[in-house]
Amino acid sequence: MAESTHEDLESLPRGGFRCRLCHVTVANKPSLDDHLRGKKHQRMENLRSVRQAQELRSVFVSGFHKGTPASELSDYFQTYGEVVNVVMDKDKGVYAIVELQDREVLEKVLAQTQHSLGGQKLRVKPREKKDFKYTPPRKQGPAKREQLSPEKLAQKLCQADDVDAQMSLLVQLFEFSEGERRLRDLLVTLFQEVFLEFFPGSAILPFGSSVNGFDVSGCDLDLFLDLEKTKKFQASAKSPTETPAEDRASPEPDTRSEDSILSDIDLASATVPEVLELVATVLRKCVPGVHHVQVVPNARRPVVKFCHKESGLRGDISIDNKLALRNTRFLQLCTETDERVRPLVYAVRYWAKQQALAGNPFGGGPLLNNYALTLLVLFFLQTRNPPVLPTVARLKELSENEEQTVVDSWDCSFPKDSTRLEPSSNTENLCALLAEFFHVFEDYNFAGHIISLREGQPLPRPSVLTSEAGSKLKLGPFNLQDPFELSHNVAANVNEKTALRFRRCCQVAAKYCRSLQYQRKSSKGKIWGLVRLFQPGTAEAEVLAATGLVISFPLTLPTQPAQSHELLCQAGDFHHQWFQKVYAGIASVLQNVLKCSCSEGLEQEQEAATDCKQGEQLAGMTTEQPPAGCKRSLDEEEAGSSSPSPKRPRTDALFPEGRSMTWNCAVWHKVWLGRRRVRRQLRGPQPDPEHTAGSLELEAKVSEAISQQEGEGRPADPLLQFTIHARAGASASGERETRISLRFDPVPEQAVAFQEFFHFLQGFLPRAVEQQLASEA
Ligand code: ATP
Ligand code: MG
């Protein structure tokens, strides 16, 4: 009797197993043994032996007219001996498998070098040897879960007993059903069968959320087509003497024959888009049930997209993405290492999706993708005390010789399975971990650090940049280093606005998680726990309602020589001076870069910065000529020294820590519109390295140019008038971090018009202030 091999079996998290041969999942080893001894498994093994024998006496035939009936093919091959069966590709009618009586007839057929039918030259070749996969009759369960409506989800979650139970339930509700897993297995088998015929030696390997432990019903099917062996075969067919002996040991498919699809292309020298075109052709012509095939050659990782007609499943095939196979395995290892990983990632992913912070929109966009978001959760778990997950560097230490893996020159070594990892001594429950996740990131300086999963800690920007990999990292407002491809920032697409929104939404979520509504089930049937976190857009609305128009951003305190730093801190002076400098920086950006008028507000306003009235602000509004005595133009201050001017002492009295400030401002031109175009014009076709995008000098010229386009000189009245209240304080992220919050109050009748300018400032101001401070330093 046929033996079941260990390749049939797959171990699952929490001690379960899956028999790939029978598509059966069991909970533990005794149940597995029962299954292996059982009738079903025995039947499948027999079936496999029969199929393999059939395969050995079958040929793969193509080249006939589309729509040729099976009987014609059968008649043709009968001339060589008995034909047992002809299986046509019904959907596309371009190939057939002809099963012959025995090996003898097969050899006769293959000995004939030319075959033709109905005036068409036939391509006839032996079947590629492949793993047996059983295709069960279609009956068991839906291939895709019915879409769970948000209302239904909320209702189910509210019935759980506590937040931990809600999170486990979330996984159960979202993960693949047995039917969906089976459908994906079958599709992979189908692709493998077809590709093997056209690309001898190739392998099709699933990666991404179908297999990494974070499956969500309906997620895309990511496939990698490995053509390494096919390339070698092709090369050896061209020059047999140059091929290493070990590669020649395996039976060589005939890639030389002019019949092979490979005769059209040299895989070694073809470009990725060329090969993808060929893959797309095979998909279009030869894979039944697949449509909407499209090559996307310009993505970071070029792919062929497709859709499976019957199930609506969407998928991608890439040929140049070995690292993704490895990072998929890494994510899977993390889920096997600690059972809290899955529920936590599912909860964070769904929360982020509902707040429009993450997702994988077609064609990219400025949101975090699910891979990046998952890495952020893993990083968070690495940095708990004690850690829930080991760092990637630690995983490398734990890996044995045969597990050392290098892909595209990046070290991707980690243990094959989780059995060799020490269990975590961290005992935090899911409810607490989720709350902490939001707390940690509500105030995180994503722009100032690089999140490193390899080290399990944030790295300061400069130290990373000096390393070879670091120097290639594309840094931006959100810096999350890939755990293996160290020169890749997986969040490089995230813009300032999204980074800001991410932190804001974390702030709101962290605040909510401190409430009893999050922590305890409602006895009155109200929504509680995760449910409120999952309501779309609540985070944004709450932030705005609570804070109005606020721009809040972190800044790193400059390093001081140890001694003087201490002395200054003792005197409370160091912080004071730093904040004064920041305020001067903000004012300078407004005045010099954005060409706004800007003057310090009235003393009484400053005292009551958070609850001042619009009327008072209007009274203090500066235009060209500030009324003497009550405020001081910042131009004046700039003209003097950078140290606090003699007129300054009042600030100390009013703001014991030098932490608040009010300005009355006016903007005269629409300096927020069309900046990119003007910037391009000023830079000319050959960008001057001194004037790269974002240099303040250039930005000032852009504002100037926009003002001039709008007409000579200043208009009689400003476009918008507003007050800014600034507050500064320490940040929760670390000792050397400060946070600046700027609240904007436009004059009431301009509130709507002001929005546009405010949205521009949200992105522009934090970066510009940072640059201004850096240039002074
Ligand atoms: P889902 O498809 O459910 O949104 P996913 O994890 O499959 O989640 P995809 O965008 O489909 O996400 O990406 C598939 C896989 O490709 C990821 O799991 C990861 O292994 C790899 N990948 C995606 N984006 C990146 C990236 N920016 N850097 C490195 N690898 C990535
Ligand atoms: Mg995917």
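Which residues do ring pairs link into a cluster? In this predicted model, the cluster consists of Trp-351, Phe-380, Phe-437, Phe-438, Phe-441, Tyr-444, Phe-446, Phe-478 and Phe-502. Across the model, the count of aromatic pairs comes to 35. One of these is formed by Tyr-512 and Tyr-518, whose ring centres are 5.8 Å apart and whose planes make an angle of 70°. That angle is over 60 degrees, so the pair counts as edge-to-face. Tyr-512 and Tyr-518 are both buried.

Another aromatic pair joins Phe-744 to Phe-754, with 6.1 Å from centre to centre. Here the planes are 40° apart, and the arrangement is tilted. Phe-744 belongs to strand β23, which covers residues 737-746, while Phe-754 sits in helix α30. The two residues are ten positions apart in the chain. Both Phe-744 and Phe-754 are buried.

Helix α30, residues 751-776, also takes part in the packing of helix α28. Helix α28 spans residues 675-683, and its buried residues are Arg-675, Val-678 and Arg-679. These three lie on the same side of α28, because the arc they cover around the axis is only 105°. The buried residues of α28 pack against α30 and against α29, which runs over 696-709. On the face turned away from the buried side, α28 carries Arg-676, Arg-680 and Gln-681, which are exposed. After the helix comes Gly-684, with a positive phi near 75°.

Strand β16 (residues 449-452) and strand β17 (residues 457-460) run antiparallel and are joined by four bridges. Together they form a hairpin with four residues between the strands. Within the turn, Gly-456 has a positive phi of about 70°. Strand β16 also pairs with strand β18 (residues 480-481), this time in the parallel sense and over two bridges. Ile-451 illustrates both pairings: it stands opposite Pro-458 in β17, and its bridge partner in β18 is Leu-480.

The three strands thus make an open sheet of mixed pairing, in the order β17-β16-β18. Because β17 and β18 each have a single partner strand, they stand at the edges, and one side of each is left without a neighbour in the sheet. Helix α13, residues 370-382, lies across β16, β17 and β18. The helix runs at about 85° to β16.

Notes:
Residues are numbered from 1 along each chain as its sequence is written. Chains are lettered from A and ligands numbered from 1 in the order in which they are written. This is a predicted model: local features need pLDDT of at least 70, side-chain atom pairs count only at pLDDT 80 or more; totals for chains, interfaces and linings use all residues. Side-chain values use heavy atoms; hydrogens and water are left out. Two strands pair if DSSP finds at least two bridges between them. Contact means heavy atoms within 4.5 Å. Axes are lines fitted to C-alpha atoms, for helices over the stretch in contact, and angles run from 0 to 180 degrees between N-to-C directions. Buried means under 20% relative accessible area, exposed over 50%, partly exposed in between (1.4 Å probe, protein chains only). The arc is that of the directions from the helix axis to the C-beta atoms. Rings of Phe, Tyr and Trp (its six-membered ring) pair if their centres lie within 6.5 Å; planes under 30 degrees apart count as stacked, over 60 as edge-to-face and the rest as tilted.
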